[in-house]
Amino acid sequence: MKNDITNGEIIRKWLDGELSHEEMEALKSSDAYDDYKKIIDATDNLNAPDYDIEKEYFKIQNLKSTKRSSVRQLKQWMYGAAAVLLVTLGYFYFVNATTTYKTGFGEQLAISLPDNSHVRLNANSTLELKKRTWEEDRTIELTGEAFFEVEKGTPFIVKTNEGTVEVLGTKFNVSVQPDFFEVKCSEGKVKATKFGQDGEILTQGMGFRTTNGAVQKWSFNNGQPSWIQGESSFVDSPLTQVLIAFQNQYNVTFVTKDIDKNQHFSGSFTHDDINTALKTLFDAMEISYTFEEEQKIVLFKSE
């Protein structure tokens, strides 16, 4: 008995009060008795807390109900906030919505504005405006070239990356490219302002141009710009801008070798026939050309 006194069965019987007198005496004489006695005495002093099942059940139910109510209130607040946000965003989108007009290579587009002003957009150009606030703010953003016929009213402003044009009622043409800003007034009076420079007042028949910071002014007789009739005309214009105008009409690229692109050109080219346009343009400047690919033209000095 002594060798097996600490097996699981003896301990179980001790805990359950089932040990016989002989078994208890044998356990008491074992080396492990004192340790087991301390453990069993400690477990006897452990008391489980009183637990009212029904009361605790109702606590849990009330807690769940409170959480559901909080969740519902939070959801209602979130829905309300989302609705306000959507209405606010919708209002600003409605008011600030931008209308965009764009032309491709060789295209023109006639545009009627909300105040019955008219715009003719040249090839490969973009025009943007806000129709909803047009009566209070007649502002247009332009990339490329356009001819304007403006009805009298609030100030009419054309913004470009190179400068601005301000008018009340007139007819004028604006052409803009990187480092190039040109305004020609066909009727009335306009104020052309190149960024970083003082504004220039133009009246009927006056032209104003800045190229890489250099300013040019000249007079012309045309009413509408010739490009509206299918022909691009130039007065002492840098060859760089003439080539851009050609590319916009015919969707080609130029490769220049020993050509001075800063030389100036006066003349015109047609929009209807590329071969005629090339001959008219480059023969006068003693520049030769050849097609390297269908849409790529190589320019070089004539021998």
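Student: Which ring does Lys-184 lie over the face of, and at what distance from the ring centre?

Tutor: Lys-184 lies over the face of Phe-220, and the distance to the ring centre is 5.8 Å. A charge counts as sitting over a ring if NZ of Lys or CZ of Arg is within 6 Å of the ring centre and within 35 degrees of the ring normal. Arg-209 sits this way too, over the face of Trp-218, at 4.2 Å from the ring centre.

Some ground rules. This is a predicted model, where local features need pLDDT of at least 70 and side-chain atom pairs count only at pLDDT 80 or more, while totals for chains, interfaces and linings use all residues. Residues are numbered from 1 along each chain as its sequence is written, and side-chain values use heavy atoms, with hydrogens and water left out.

Now to the packing. In soluble globular proteins, nonpolar side chains tend to be buried together. Here the largest nonpolar core has 26 residues. Such a core is a set of buried Ala, Val, Leu, Ile, Met, Phe, Trp, Tyr and Cys residues joined through side-chain atoms within 4.5 Å. Buried means under 20% relative accessible area, exposed means over 50%, and partly exposed lies in between (1.4 Å probe, protein chains only). Leu-127, Ile-140, Phe-148, Phe-156, Val-165 and Phe-172 have the most contacts inside this core. Two or more core residues come from each of β3, β4, β5 (138-149), β6 (156-159), β7 (163-167), β8 (171-177), β9 (180-187) and β10 (189-194). Strands are DSSP runs of E, at least two residues, and helices are runs of H or I, at least four, numbered from the N terminus. β5 gives the largest share, 4 residues.

Take Ile-140. Beyond its neighbours within four places in sequence, Ile-140 is in contact with residues including Leu-113, Val-119, Leu-127, Trp-134, Phe-148 and Phe-156. Contact means heavy atoms within 4.5 Å. Another core lies apart from the largest one and has 20 residues, among them Ala-245, Tyr-250, Ile-287 and Ile-297.

Next, the rings. Rings of Phe, Tyr and Trp (its six-membered ring) pair if their centres lie within 6.5 Å; planes under 30 degrees apart are stacked, over 60 edge-to-face, the rest tilted. The count is 10 aromatic pairs. Phe-148 and Phe-156 have ring centres 5.9 Å apart and planes at 70°, so this pair is edge-to-face. Both Phe-148 and Phe-156 are buried. Phe-148 also pairs with Phe-172, this time stacked, at 4.9 Å centre to centre and 15° between the planes. That pair links distant parts of the chain: Phe-148 is in strand β5, Phe-172 in strand β8, 24 residues apart. The relative accessible area of Phe-148 is 0%. Phe-172 is buried as well, at 0%. One aromatic cluster takes in Phe-234, Phe-246, Tyr-250, Phe-254, Phe-265, Phe-269, Phe-282 and Tyr-289.

Last, two loop residues. Most residues other than glycine have a negative phi. Asn-124 has a positive phi of about 55° and is not a glycine. Asn-124 is placed in the loop between β3 (118-121) and β4 (126-129). Its relative accessible area is 30%, so Asn-124 is partly exposed. Asn-212 has a positive phi of about 50°. The loop between β12 (206-211) and β13 (214-219) holds Asn-212. Asn-212 is exposed, at 57% relative accessible area.
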